[in-house]
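Please keep the sequence and the structure at hand while reading.

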Amino acid sequence: CALPISLVTHRDTLNDYTADVKFNGSKLFICPMNAIQDHRELLYDRLESTDLLKYGHVSARWKEIYIDEPGTATGETLPQPNFIKSIIPFYEDSFCSVVTESEYHFFNVRFTEKFYFPIMYNRPFMVLGAPGLLKWIKKYGFETFPELWDETYDEEDDLKKRTEIIVENLKKLQDKSTHELQGLLEMVKPKIIHNKKILKTY
């Protein structure tokens with residue numbers, strides 16, 4: 001099997017980035033969102049209405065909201081070397097990643113370079129994409145994280161319900177201390193290392 005060719009752009013980062021799995025950051029999650037799509041608008045609105053935005057590094061380019069002050073981390077079309085370098089501190093400062101894939105319809109199950117970033121930067125992830133996407137990811141040998149949160153969102157056909165499960169997962173983690181999150185990351189460390197090894201084979 002071959003993954004999308006854009007991985008070639010990230011190859012140096014994948015090989016050179018630290019293998020240490022650790023967290024001592026200030027945010028629960030990172031969620032970079034670029035082009036406007038229904039599932040991204042829905043997720044952003046729910047993060048805002050539940051007061052979860054303050055717990056994350058969240059960008060919404062269509063709203064001119066960027067993770068970093070000047071917008072260099074999310075202001076360019078992927079893949080760009082500048083994006084890869086400038087986004088690193090925000091992943092390091094976050095416990096987990098919420099990935100919003102390019103497609104969210106049930107008839108188009110696929111993943112893109114957006115899925116690579118949490119793996120490159122040693123983070124567990126949730127993916128808001130098409131239903132069945134986690135199952136598809138596992139076919140490539142990657143492991144997911146049901147011990148950290150409810151992954152039944154992957155089986156939910158209704159986009160609003162799928163989004164709501166992810167939001168509820170974040171709400172259940174929002175009050176955990178840095179020490180508690182460090183413990184959870186240590187628990188899934190073997191999976192994080194495994195996923196990086198799998199990604200390097202493609």
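Does glutamate 164 count as buried, partly exposed or exposed, and what is its relative accessibility? In this predicted model, glutamate 164 counts as partly exposed, because its relative accessibility is 25%.

**Salt bridges**
- The side chain of glutamate 164 meets that of arginine 46 in a salt bridge, at 2.8 Å from N to O; since glutamate 164 lies in helix 6 (residues 159–173) and arginine 46 in helix 2, the pair ties together parts that are 118 residues apart in sequence.
- Arginine 46 is itself partly exposed, with a relative accessible area of 22%.
- Lysine 191 and glutamate 147 form a salt bridge through their side chains (3.0 Å, N to O), and it ties together parts 44 residues apart in sequence, because lysine 191 lies in helix 8 (residues 189–200) and glutamate 147 in the loop between helix 5 (133–139) and helix 6.
- Lysine 191 counts as buried at 17% relative accessibility, whereas glutamate 147, at 37%, counts as partly exposed.
- Within helix 6, glutamate 168 and lysine 171 are three residues apart, which means about one helical turn separates them, and their closest N and O atoms in the salt bridge are 3.2 Å apart.

**Surface patch**
- Asp38, Glu41, Asp45 and Glu48 form a negative surface patch; of these, glutamate 41 lies in helix 2 (residues 38–49) and is partly exposed, with a relative accessible area of 32%.

**A buried polar residue**
- Asparagine 122, in the loop between helix 4 (116–120) and strand 4 (125–128), counts as buried at 2% relative accessibility, and its side chain makes a polar contact with the side chain of lysine 196 (2.9 Å).

Definitions and conventions:
Residues numbered from 1 in each chain as written. Predicted model: local features only at pLDDT ≥ 70, side-chain atom pairs only at ≥ 80, totals over all residues. Heavy atoms only, no water. Patch = residues over 30% accessible without salt bridge, like charges linked within 9 Å, V, L, I, M, F, W, Y side chains within 5 Å. Areas by Shrake-Rupley, 256 points an atom, 1.4 Å probe, with all protein chains shown as cover. Salt bridge = Lys/Arg side-chain N within 4 Å of Asp/Glu carboxyl O. Lys, Arg positive; Asp, Glu negative; His and termini not counted. Charge placed at Lys NZ, Arg CZ, Asp CG, Glu CD. Helix = DSSP H or I, 4+ residues; strand = E, 2+ residues; numbered from the N terminus. Buried < 20%, exposed > 50% of the residue type's maximum accessible area, 1.4 Å probe, protein only. Polar contact = N/O pair within 3.5 Å; in protein donor to acceptor, adjacent residues only side chain to side chain.
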